[in-house]
Amino acid sequence: MSRGSISITGIGKEFGTATVLDQVDLAIDGGSFVTLLGPSGCGKTTLLRLIAGFLEPSRGTIAIDGASMQGVPPRHRPLGMVFQNLALFPHLDVFENVAYGLKVRGAPATDIAGKVSRFLGLVGLAGFERRRIGQLSGGQKQRVALARSLALEPAILLLDEPLSALDLQLRRQLQVELKSIQRQLATTFVFVTHDQEEATMLSDTIVVMNGGHVQQVGTPDAIYRRPASPFVARFVGDINMLEGRITSLDTASVSVSVAERQISVPRSALVGTPSVGKACQLACRPESVRLGEAADDALSLDARISALHRLGPTMKVVLQGPLGPLTALMMADVPHVADLAEGKTVRLSVPSHSLTLFVST
Amino acid sequence: MRRPVRPPSSRQASPPAPDMRGATSAPRSLGWLLLPVLLVLALFLGSVALLFFHAFWGKDGFSLVYFRQILERADYHEVFLRTVSIAAIVAVASAVLAYPIAWLLWRLPRWRNLLLVIVLVPWLVSLVVRTYGWLVILGPKGFLNETLKWAGVIQSPVPLIFNDLGVVIGLTHVLMPFAVIATLSVLLQIDNRLEEASESLGAGGFETWRRVVLPLSLPGVFTGLSITFLTSMGAIVTPILLGGIRQKMAGTQIYQEVVYNFNMSKASTWAICLLLLSGLGLALLRAAEAALVPKADR
């Protein structure tokens with residue numbers, strides 16, 4: 001295993017009487033880009049601060065490369081941190097900010113100069129050495145913060161929503177650069193965000209958190225296509241959810257009644273243990289909903305178009321059918337999209353492999 | 001970084017900024033709210049004008065006799081030198097003593113309000129009473145001398161008051177809370193993530209203080225220095241009560257000219273010289289601050 005692996009076992013954290021993290025187990029591979037994704041208050045930042053050592057866990061252990069971090073102060077942990085507000089030293093210039101850790105460590109001046117110029121080059125800020133922090137743009141500050149935390153060449157870099165204050169275009173650009181820097185250095189990046197697109201774009205592994213628990217750990221693709229719970233399904237993108245009840249079971253499929261219609265769902269779509277009479281939620285992503293095609297899919301019905309929304313290159317179609325509202329998403333330049341109009345009735349279908357059935361617990 | 005309030009003297013001296021009038025969108029009918037400001041300004045400018053009139057215009061018309069006197073008399077030079085020296089020592093002593101107190105208040109948010117009350121409670125007692133308190137402690141038959149004598153450390157009382165030392169002790173006691181508040185107000189503006197950032201980059205507590213907290217708190221230290229220096233320059237009560245009879249400060253000399261000798265011209269001349277010296281001291285402090293604190297912070 002490469003340098004910078006983190007193993008988190010049975011971590012719990014309470015602030016007073018409030019439980020912020022409960023029984024979190026997580027193994028992070030060295031050299032990977034891991035995102036802690038969840039809504040605000042889910043405990044993701046607390047988990048990051050526990051790894052950093054700014055907080056001590058109420059229960060459980062954290063180990064980095066096999067060494068327990070219990071009682072180890074942040075300055076002795078092999079990690080760097082990029083703070084949400086960046087926390088650049090306002091009284092120092094760009095060079096001094098990046099050199100800070102090296103100076104504290106007592107590195108010789110020539111080493112410091114070499115490393116500072118190397119890392120400023122890496123983040124694309126060569127020539128900015130003598131700028132003051134107040135003279136930098138948001139994106140440049142971001143780069144200085146990154147260079148500062150990388151200058152000590154830590155095995156692990158913790159990033160606490162560092163891009164959240166930037167506008168969308170700059171954020172996208174920095175995401176690409178961040179990922180390329182991570183690949184070059186092979187440093188473990190643990191990135192906290194509430195933005196699922198950001199998480200999908202950056203990560204090797206996404207850790208979805210909610211209410212102090214880890215909901216699901218997986219690749220962006222697995223999390224999107226096979227969400228482990230309705231919460232994860234909703235959090236990582238739009239999804240249609242139909243409330244229903246299980247009416248019968250056999251070895252290959254499950255029959256579900258939704259709004260008095262019987263739908264047969266393959267067992268492979270199932271999340272949870274089914275039994276007859278149990279409430280369930282049938283889910284499909286909007287891009288899996290097909291319009292105007294006669295198909296013998298699991299779900300096939302007529303619905304009226306109640307609204308059309310153009311979103312960049314895509315068209316979002318809001319449909320009102322016998323099962324309730326459904327949303328379909330398709331590329332706007334597909335020929336038959338031009339025929340769609342509000343008020344028109346169309347045939348919609350969802351292939352059975354695109355369905356997920358969550359059995360309520 | 002926002003700067004704490006400047007000492008009043010430097011604010012009053014500057015005229016109201018002209019662009020302020022254009023910036024307000026208040027209806028014209030609220031113009032009467034400016035009246036108190038204008039009244040204060042008129043009184044201030046009026047008294048300054050009167051000061052200059054008295055200084056240059058004696059009983060026999062225009063005269064520079066008291067300026068010449070100050071330039072020529074060695075005993076007056078000594079008074080001004082003593083005034084500036086005592087003010088400088090008091091300013092530095094206040095800043096040095098106030099810093100750990102302010103740091104402690106900043107570090108202990110739970111106790112901050114209580115500790116702040118303890119720092120400020122002397123202000124509830126009249127200056128004269130507080131100063132007399134020092135007589136009881138520092139006097140020849142005071143608590144400190146009697147204790148040291150009883151312990152056998154000294155045979156005869158050490159002169160702690162009725163000299164320059166007494167004035168320094170008294171003024172430092174009175175003015176230190178200003179330095180505490182000036183320093184604390186700047187410390188409180190420091191983002192505590194900066195300390196975490198420093199820690200995550202390998203620095204321990206002292207290293208973080210030396211490299212991050214101290215440089216960022218210097219503007220507050222300088223504000224404290226300015227306030228205590230300027231206030232000490234004009235001190236009257238403390239030097240009268242705790243100073244030597246012959247060791248006058250500029251403030252006590254002016255007080256004597258006004259109250260006992262009714263010599264307004266001489267008092268005004270002294271006041272102008274004192275003002276010039278204070279301005280010079282303030283300019284030096286500003287220059288020192290500019291050299292020590294990087295521009296982006298200010």
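Domain bounds here come from an automatic or database domain assignment. On that basis, chain A is divided into domain 1 (6–234) and domain 2 (239–359).

Some housekeeping. This is a predicted model, in which local features need pLDDT of at least 70 and side-chain atom pairs count only at pLDDT 80 or more, while totals for chains, interfaces and linings use all residues. Residues are numbered from 1 along each chain as its sequence is written, and chains are lettered from A and ligands numbered from 1 in the order in which they are written.

Back to the two domains. The C-alpha centres of domain 1 and domain 2 of chain A lie 38 Å apart. Six residues from domain 1 of chain A and seven residues from domain 2 of chain A make up the contact; two residues are in contact if their C-beta atoms, placed from the backbone, lie within 7 Å.

Next, the cores. A nonpolar core is a set of buried Ala, Val, Leu, Ile, Met, Phe, Trp, Tyr and Cys residues joined through C-beta atoms within 7 Å. Buried means that 20 or more other C-beta atoms lie within 10 Å of the residue's own; exposed means 12 or fewer, partly exposed is in between, and the C-beta atoms are placed from the backbone.

The largest nonpolar core has 108 residues, and A147(A), L158(A) and V190(A) have the most contacts inside it. Both domain 1 (6–234) and domain 2 (239–359) of chain A give residues to this core, so it lies between them. A second, separate core has 42 residues, among them A95(B), V180(B), I227(B) and M233(B).

What does V190(A) touch, leaving out residues up to four places away in sequence? Its partners are I28(A), V34(A), L36(A), L48(A), I51(A), I156(A) and L158(A).

Now chain B. Chain B has 14 helices and two strands; helices (H or I, at least four residues) and strands (E, at least two) are DSSP runs, numbered from the N terminus. Of its 298 residues, 30% count as buried. Among contacts in chain B between residues at least 6 apart in sequence, 77% join residues at least 24 apart.

Last, the place where the chains meet. There, 20 residues of chain A are in contact with 19 residues of chain B. On the chain A side, strand 6 (79–82) and helix 2 (94–105) are the elements that give two or more residues. Helix 2 of chain A gives the most to that side, with four residues.
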